[in-house]
Amino acid sequence: AFYQTGEMFQDYAVDKSRRAIAQAMNLRPDSANLLTEDGRSKAVDPAGVGVGALILVRSGEKIPLDGIIVEGESQLDTAALTGEALPRAAAPGEEALSGCINLTGTLTLRVTRPYDQSTVSKILEMVENASDKKSRREAFITRFSAVSTPVAVSYTHLRSHETPEH
């Protein structure tokens with residue numbers, strides 16, 4: 001009973017931590033501004049944008065997909081990815097990672113990775129799967145505890161009911 005209760009509390013804590021981290025990161029973009037052949041932008045699902053496509057990222061928007069800056073200069077807030085407090089300058093020819101916030105200018109990016117392989121997707125996948133990937137040692141300890149804890153409690157209980165010999 002103690003072991004099962006402990007496991008239940010551990011699972012609850014891990015799930016709560018995973019949700020809190022995902023909410024705090026809030027990196028997943030809602031849409032990407034795909035540039036059409038006539039030069040206009042159209043809001044689309046980032047998962048539907050192919051490698052090589054051009055996207056427009058306006059000031060204040062999250063970068064939805066990893067890409068190379070083709071046009072424009074800006075300051076990028078990379079704090080959500082790197083923890084760096086100061087924004088970094090971004091200019092044509094430089095890489096811009098998904099999840100960064102474009103602070104000052106409008107950028108045109110050529111997409112270099114599909115959405116499911118983007119920086120944002122990889123980070124969110126790692127956060128969501130962190131508790132599922134226990135190390136071999138941790139898995140062994142969990143299995144060992146499931147057997148040894150009830151045995152130890154039973155042994156202690158039996159010893160406490162023995163009559164002392166004089």
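Modeller: F140, I141 and F144 make a nonpolar surface patch, with about 320 Å² of accessible area together. Patch residues have over 30% relative accessible area and no salt bridge, and nonpolar side chains are joined within 5 Å. Areas are Shrake-Rupley with a 1.4 Å probe. A salt bridge is a side-chain nitrogen of Lys or Arg within 4 Å of a carboxyl oxygen of Asp or Glu.

Colleague: What kind of model, and what gets counted?

Modeller: It is a predicted model: local features need pLDDT of at least 70, side-chain atom pairs need 80 or more, and totals for chains, interfaces and linings use all residues. Numbering starts from 1 along each chain as its sequence is written, and side-chain values use heavy atoms, without hydrogens and water.

Colleague: Where is F140 placed?

Modeller: F140 sits in helix α4, residues 136-160. Helices are DSSP runs of H or I with at least four residues, and strands are E runs of at least two.

Colleague: Why does F140 count as partly exposed?

Modeller: Because its relative accessibility is 47%. Buried is under 20%, exposed is over 50%, and partly exposed is in between.

Colleague: Now the inside. Which residues have the most contacts in the largest nonpolar core?

Modeller: V49, I55, I63 and L109, in a core of 16 residues. Such a core is a set of buried Ala, Val, Leu, Ile, Met, Phe, Trp, Tyr and Cys residues joined through side-chain atoms within 4.5 Å. Strand β9 (107-111) and strand β3 (54-57) each supply at least two residues. The largest share, three residues, is from β9.

Colleague: Is β9 itself open or enclosed?

Modeller: Largely enclosed by the rest of the structure, because four of its five residues are buried.

Colleague: How many bridges join β3 to β9?

Modeller: Four, and the strands run antiparallel. Pairing takes at least two DSSP bridges. I55 has L109 as its bridge partner in β9. β4 also pairs with β9, antiparallel, over four bridges. There, G67 is partnered by V111 of β9.

Colleague: And I63, buried or exposed?

Modeller: Buried, because its relative accessibility is 0%. I63 lies in the loop between β3 and β4 (67-71). Beyond four places in sequence, I63 touches residues including V57, L76, A96 and L109. Contact means heavy atoms within 4.5 Å.

Colleague: Switching topic. What is the strand order in the open sheet?

Modeller: β6-β5-β8, paired antiparallel. The edge strands, β6 (88-90) and β8 (101-102), each pair on one side only. Two bridges link β5 (residues 74-77) to β8, and L76 stands opposite N102 in β8.

Methods:
Patches are made of residues with over 30% relative accessible area and no salt bridge: like charges are joined within 9 Å, nonpolar side chains (Val, Leu, Ile, Met, Phe, Trp, Tyr) within 5 Å. Buried means under 20% relative accessible area, exposed over 50%, partly exposed in between (1.4 Å probe, protein chains only).
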